[in-house]
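Here's a quick tour of a protein model, written for someone new to reading structures. Have a look at the picture first, then read on.

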Amino acid sequence: MMKLFKSKTLLLVMLVIVMSALVRESTSHPCGSTFFSSLVQLIPCRPAVAPFSPIPPSEACCASIKALGQPCLCVLVNGPPISGVDRGMAMQLPEKCTANFEPCEIAK
């Protein structure tokens with residue numbers, strides 16, 4: 001069991017490193033980022049946006065939200081589905097983190 005956990009953790013770390021390296025040079029989006037780099041930046045928020053999670057956002061999550069900004073958060077909310085992420089809970093992060101962002105408009 002522990003061996004499986006270690007291999008999954010290593011795989012996730014490698015995936016994050018590869019994704020961040022691939023998108024590091026991209027600055028064409030108004031938020032200066034891409035969907036994947038925004039997603040990587042919000043990894044500390046994962047426990048707070050899991051479906052039905054009672055966990056409030058951590059200080060690291062709130063710092064990431066504030067650094068990322070409203071445009072990038074909206075890109076994530078309106079982007080492709082993210083496994084294990086409740087979009088409604090993600091939209092509440094700015095309010096929970098006292099980041100005075102305008103609400104995201106939901107693309108239909």
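## A tucked-away alanine

With a relative accessibility of 9%, Ala99 counts as buried (buried means under 20% relative accessible area, exposed over 50%, partly exposed in between, using a 1.4 Å probe and protein chains only). You'll find Ala99 in the segment after helix 6; helices here are DSSP runs of H or I with at least four residues, strands are E runs of at least two, and both are numbered from the N terminus.

Leaving aside residues up to four places away in sequence, Ala99 touches Ile65, Lys66 and Pro94, where contact means heavy atoms within 4.5 Å. Ala99 and Ile65 sit 34 residues apart along the chain, with 7.6 Å between their C-alpha atoms.

## Where this comes from

This is a predicted model: local features need pLDDT of at least 70, side-chain atom pairs count only at pLDDT 80 or more, and totals for chains, interfaces and linings use all residues. Residues are numbered from 1 along each chain as its sequence is written, and side-chain values use heavy atoms, leaving out hydrogens and water.

## Two sides of helix 4

Helix 4 spans residues 59-68, and its buried residues are Cys61, Cys62, Ser64, Ile65 and Leu68. They're on the same side of helix 4 because they cover an arc of only 160 degrees around the axis, judged by the directions from the helix axis to the C-beta atoms. Their cover includes helix 2 (35-41), helix 5 (70-78) and helix 6 (87-96).

Over on the other side of helix 4, Glu59 and Ala67 are exposed.

## The whole chain

The protein chain has six helices and zero strands. Of its 108 residues, 32% count as buried.
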